[in-house]
Each structure stands twice: as C-alpha cells, then as structure tokens.
Amino acid sequence: MHSDKGYTIRWKFVTVFTLLSVFIFKCEILAAINDYTLRGYVRETPILWKPSPVYSGIENEDYRFDNLLHGRLNLRWYPGGNFTFGLELKTRLYAGDSAGEIRESAEGYTFSKPYFDWSAGIIEEDKIVWTGDIDRCWIDWYSGNLQITVGRQRIAWGTNTVWNPVDLFNPSSPLDFDNEEKPGSDGARAQYYLGPASKIEIAYTPGKDEKDKSTAALMIMLNRWEYDFYLIGGIKRGETVFGTAWAGNIMGGGFTGEIIYAIPDKEKTRQIDESIAVVTGDDPYLTASVSGNYTFKNSLSLQADFLYNERGTTGDAGGMNLYKSLLQGDLTPARWSLAGQISKDLHPLVRGSLLGLVNPSDKSWYFGPTVSWSVITNLDLTAMGLIFGGDEGTEFGDNSEMLMLRLKWSF
C-alpha cells in the first residue's frame, strides 16, 4: 500500500506541472497579440547522485536516484519610447531521497548573491523541494549611442570560456550543471558605444552591508589589429582592482586572456572583522587566465585553458582551503589550474564533448562528458556526467559525483 505522504507528493508533482503548462500557453497567446516576446523551456533531469563519503559519512555508498524539473520563462515587453522591460522567472522542483542535498549542490556554484532576495521555498519537505526565483528583472533604455540598464541583469565581463578573472560582477563556476543563464546582479549599467566594436561601460552593484561591499567598475573596449582589448578599473568588495583582457586569433585559432590585479583595503578589512582579515589576507594579488581554441573543418574543436591564482595554495586545495577561497571570492582554491575540452559533431544532430579540469599541485581532477542529441525542433536530449577524482582533502577529491539525462523542450 502507498502512504498518504506518497500520494501527496505525487499530487503536488501533477499540480505544479499542470500550472506551469497552463501559464506557458496563456503567455504564448498574450505574446502573439501584444508587444511581447516570450521564450523559455521546461527541462526534465533524472539524476544518479553519489554523495562524497566526506560529507555523507558512508564509504562506498551506492548511487541515489533523484529528479530535477526545471521550468523557465523569459519575457520581453516593448512599450515604446526606446524602452525594453525584461522579466525572467525560473522554478525548480527537486524530488527523491536527496532532494535537499541536490538543491544545495545546484546552488553551491554561485559565488555572489543578488542584493534583493527574490526567491522562495514553496515546498520544503524531506523528499521534495520546490523553489521559485525571479532570475532577471530589468528595464533598458537607449538613445543614440547610449544604453542604460537598471535592475537584475547579467553583467558578463570576460573573454575566456572556463575561467573569467575580470568578471567582477557575475563570476561563475565551470562546474555549474544547472544554470545555463549564469548568475545575475542587482545593479545599474551604462554603455556608450564608440563604434561597431568599441565602447565605454560603467557598472555598479550595491552590497548589503560592510561585509558584502558594493562593486563599481569602468571598462573600456577597443578594437585594434583585429583584436578586442579591454581596460578595467574599479572597486570590488573593498578591493581596488585593475585589469585587462583580449580576444583575437593566431593562425585561425582563438586566443583570449584576462589579467586582474587587486589591492585590498587593509584598514577597512580589519575594521570590519579581524577574523576575515586573517583568513583572506590583505596583500595585493594577481589572477590571470589564458585560453586557446581551434576548430577543424571536420567539426573537431580543441580548447585549452590555464589559470594562475596568486592567493591559491600549492598544497591540497580542499577542506579549509576551499572554504577560504569561497570566502575570498576566488575562482578556485588552487595556485595553478588547467582545463581542456574536446568537442565534435558525431552526427548532424548529435554532438559530443569532454571537459577536463586538473589541479596539478594536489593531483585532483574533474571529468565532464556530454552527448547532446537534437531529437526534433525545440526538443533536445542530453546525457552528461560530473565525475571527480583525487585524495581526500584535495580540490576535487571530496566532491559528489552525478550522472544525468536531460530532456529539454524549448518554446
């Protein structure tokens, strides 16, 4: 016999999916008759998850089965007068024996949080968690060469694919398996275009308190000698930062790079919290990343990335070193990091990809195979994995493994 709780969980599944479907089709009708556009997707992801024994306390534990239903709506409204309004909503339904832990894992790859808390836990039970978020909410205005955007938005600075040291506002992790759109910030941005490939950009995001300071920066983008060059300066959470980036090609292959130099405010840091100053340090430091890629005529694509983090450790990068890097906002706890990716079309509708990350100091690694199949128009099926290796206490050795099959319908 089934328990009443089992029936309740199943009923909530049906209710959530039905309401989401009705809302999607209702908005599509409105979009067809007004000055709206509506895009989005519904994504079903069965997950086999093997928790790390470091956190579960169980050696050689079998894979657990969980499920993630992810829905997203991206609305654009064009009221006229050079204005555009954007609203993007997402809802995620986690179900299974590890629903809460899968949710924590999905949200654990976000380095920064928005100023406003526009998320809600609609259902939070042992085996089912349903959350809703306003992921984007902004208004954009332009006049001539000037464009101003205010609200929750993606301020994406950087040229590399895996690591972006100059992404001061929305840093993201290459291990983020759930957020295709990457994180957003609550803030304001002004862009003045000097030409087709040159501009000046100023952006600001507030901090909630002294421990989570605001970020304000200026970027100048210039195109010279068939390269895009970026000059960056500003304040990032109490640190004075200067940086540069570039994007171009060498002999037909892409060549990009990013360098950032940060000078912490020693006096302010120690006034806020002596313990934080001890953990993070207050010496100037350099972070740099270089990337190269090449695509052959047969669709085979190769990419290699290198990251140097002066504040990182050359020892085991897990445990407290990982916690320290999260507190500092570093992209990785390691001094050196390597990444490589190989991709190829296996069929006109099927593409395979292998991404690998390596910490050469503590010998830990990550391996992410992906195979995507375009089943029909707007329906894709993807098989992917997050596989980790290394000794206990290393950067990747303590991570939980995942195997996923993802069915995505876009509209």
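The lining of the largest cavity divides into nine nonpolar, five polar and five charged residues. Here Ala, Val, Leu, Ile, Met, Phe, Trp, Tyr, Cys and Pro count as nonpolar, Asp, Glu, Lys and Arg as charged, and the others, Gly among them, as polar. This is a predicted model: local features need pLDDT of at least 70, side-chain atom pairs count only at pLDDT 80 or more, and totals for chains, interfaces and linings use all residues. Residues are numbered from 1 along each chain as its sequence is written, and side-chain values use heavy atoms, with hydrogens and water left out.

A cavity is a set of points on a 1 Å grid over the protein atoms alone where a 1.4 Å probe fits but cannot get out; lining residues have an atom within 4 Å of a point. Nearest the centre of the largest cavity lie Pro165, Lys236, Ile260, Thr287 and Gly329, among 19 lining residues.

Strands (DSSP runs of E, at least two residues, numbered from the N terminus) that each supply at least two residues of this lining are tabulated below.

| Strand | Residues |
|---|---|
| β11 | 239-250 |
| β12 | 253-264 |
| β13 | 285-295 |
| β14 | 301-309 |

β13 and β14 are also among the strands that each supply at least two residues of the nonpolar patch, as are β15 (336-347), β16 (350-359) and β17 (364-376). With three residues, β15 gives the most to the patch. Tryptophan 336 is placed in β15. This tryptophan 336 counts as partly exposed because its relative accessibility is 35%, the class between buried (under 20% relative accessible area) and exposed (over 50%), with a 1.4 Å probe and protein chains only.

Methods. 1 Å grid on protein atoms, 1.4 Å probe; cavity = no way out; pocket = protein on both sides within 12 Å on 5 of 7 lines; lining within 4 Å. Helix = DSSP H or I, 4+ residues; strand = E, 2+ residues; numbered from the N terminus.
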